[in-house]
Amino acid sequence: MSRSASEAAEPAPASVRATRVGFFVRIADPRQLNVLEFYRNDRAALRELGFEVLTITRVRQLPRVSPDFYYCWWFGFGFFAALWARLRGRVCVLIGNVHTQDGGGLDDWPLAKRLPMKWAMRLATATIFTSHAEVTRLGATRPRNPHVVYHAVNLARHQPADVERAPLVVAITHLTRTNVARKMVLESLEAFALFRTGHPDYKMVLVGEHGDALGVVRAKIAALGIEGAVELPGRVSFERKLALLQTATAYLQPSRCEGFGLAILEAEACGCPVVTNHEPCIVEISGDAVLYGDTPSELAMQLARLAGDAALWRQMRERGLANARRYSYEARREQLCELLASLGLKPVTLAAPTTPGARA
């Protein structure tokens, strides 16, 4: 006799445990799992899809945890998780980027780092890349079962506000030597200095934890003669970051290399027009929703256009908002659900959906 629809929909008995996923990311400070949106989003999505998430932040913890499958961030340390999963006969989904800090691809990494990354992609059951631009950086390497799943913008947390725009330019990056070089911070300061010659009332706020390039940044600011116009507040609260993005005339973020460009999407979601450069991933993700310049003078020109043309500013604001909506948390969760289902990974029971803004 066939079961009725109501019978088929009954939850599994309490004695049946949920499918457990080992969420592996080698990270020095586990608190960052609740701060960085890409970790936060994926952990929340896995829980909402009904999986029990077991967090693993050290390689030595791998033998101590017994999940049903592994979901691992980054191809370098991910090698250890992928190898362990293979030895245990478990599915391993591996996600990460392959670009170098200066825009190179997988083959530009030192041999000692390149080989584990390549082996990890071959050991994993499936590999996830965050943009098609990343796939092009693989060179001749052919990962096992590759997929492109875009990052998500938390639209419940990043929203526009009905406020007057301020004479303000915002940029966000940690002030380490690596990040300052990759995010083209010195070039951005040059662009702002050029822009400010015609717009002396404008200020720039460069948000980000102070690191080993703070002195270099301060020296550049002094050399450009814009000490009184640039604020370096360090790490700020989410509330202040949100307020800055909601009120600024522009978000200035050129980059030598991106795997997705989440910070740019967050600015767009807050209604802040973006000025950036023609980095392949940025072009793929944001298209005509941002303004482009590839030199300090071109970036300064785009800032001046936004400051002087209210109609253009409103147009770019609306384009940015529409673009950010394409990368919702719900869309990423659905893609992950489909990928995991294709690997035979289905939860015993589905968890009740939560409000993205309330995720821990």
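These are legends for a set of close-up views of one predicted model.

The model is predicted, so local features need pLDDT of at least 70 and side-chain atom pairs count only at pLDDT 80 or more, while totals for chains, interfaces and linings use all residues. Residues are numbered from 1 along each chain as its sequence is written, and side-chain values use heavy atoms, with hydrogens and water left out.

**View A. An open, parallel sheet of six strands.**
Reading across the sheet, the strand order is S2-S1-S3-S4-S5-S6, with parallel pairing. Helices (H or I, at least four residues) and strands (E, at least two) are DSSP runs, numbered from the N terminus, and two strands pair if DSSP finds at least two bridges between them. At the edges sit S2 (52-56) and S6 (146-148), each of which pairs on one side only. From one strand to the next, the twist averages 20°. Angles here run from 0 to 180 degrees between N-to-C directions, and axes are lines fitted to C-alpha atoms, for helices over the stretch in contact.

**View B. Two strand pairs in close-up, S1 with S2 and S4 with S5.**
S1 (residues 20-24) and S2 run parallel and are joined by five bridges. Look for phenylalanine 24, which stands opposite isoleucine 56 in S2. S4 and S5 also run parallel, and four bridges join them. Here valine 93 has alanine 126 in S5 as its bridge partner. Side chains of S5 go both ways: Ala126 and Ile128 point one way, Thr127 and Phe129 the other, and all are buried. Buried means under 20% relative accessible area, exposed means over 50%, and partly exposed is in between (1.4 Å probe, protein chains only).

**View C. Helix H14 lying across four strands.**
H14 covers residues 329-342 and lies across S3, S4 (91-96), S5 (126-129) and S6. Against S3, H14 runs at about 135°.

**View D. Proline 67, in the loop between S2 and S3.**
Is this proline buried or exposed? Proline 67 has a relative accessible area of 0%, so it counts as buried. Leaving aside neighbours within four places in sequence, proline 67 is in contact with Arg20, Val21, Gly22, Leu54, Arg88 and Arg90; contact means heavy atoms within 4.5 Å.

**View E. Helices H7 and H12 crossing at about 50°.**
The axes of H7 and H12 (residues 296-308) are 8 Å apart where the two helices pack. That angle makes H7 oblique to H12; angles under 35 degrees count as roughly parallel, over 145 as roughly antiparallel, 65 to 115 as roughly perpendicular and the rest as oblique. The crossing is right-handed, and in this scheme a crossing is left-handed if the near helix is turned anticlockwise from the far one by less than a right angle, and right-handed if clockwise. On the H7 side, the contact is made by Glu187, Glu190, Ala191, Leu194 and Phe195. H12 brings in Pro296, Ser297, Leu299, Ala300, Leu303, Ala304 and Ala307. Sorted by class, the contact has nine nonpolar, one polar and two charged residues. Ala, Val, Leu, Ile, Met, Phe, Trp, Tyr, Cys and Pro count as nonpolar, Asp, Glu, Lys and Arg as charged, and the others, Gly among them, as polar.

**View F. Helix H12 meeting helix H13 (residues 310-325).**
The two axes come within 5 Å and cross at roughly 105°, which makes H12 roughly perpendicular to H13. Arg305, Leu306 and Gly308 of H12 make the contact with Ala310, Leu312, Trp313 and Met316 of H13. By class, that gives five nonpolar, one polar and one charged residues.

**View G. Lysine 220 in helix H8 (residues 214-224).**
With a relative accessible area of 22%, lysine 220 is partly exposed. Not counting residues up to four places away in sequence, lysine 220 touches Leu186, Leu189 and Glu190. The C-alpha atoms of lysine 220 and leucine 189 are separated by 7.7 Å, though the two are 31 residues apart along the chain.

**View H. Two non-glycine residues with positive phi, tryptophan 74 and methionine 184.**
Tryptophan 74 has a phi of about 80° and lies in the loop between S3 (69-73) and H3 (78-88). Tryptophan 74 is partly exposed, at 27% relative accessible area. Methionine 184 has a phi of about 55° and is found in the loop between H6 (177-182) and H7 (185-196). Methionine 184 counts as buried, at 10% relative accessibility.
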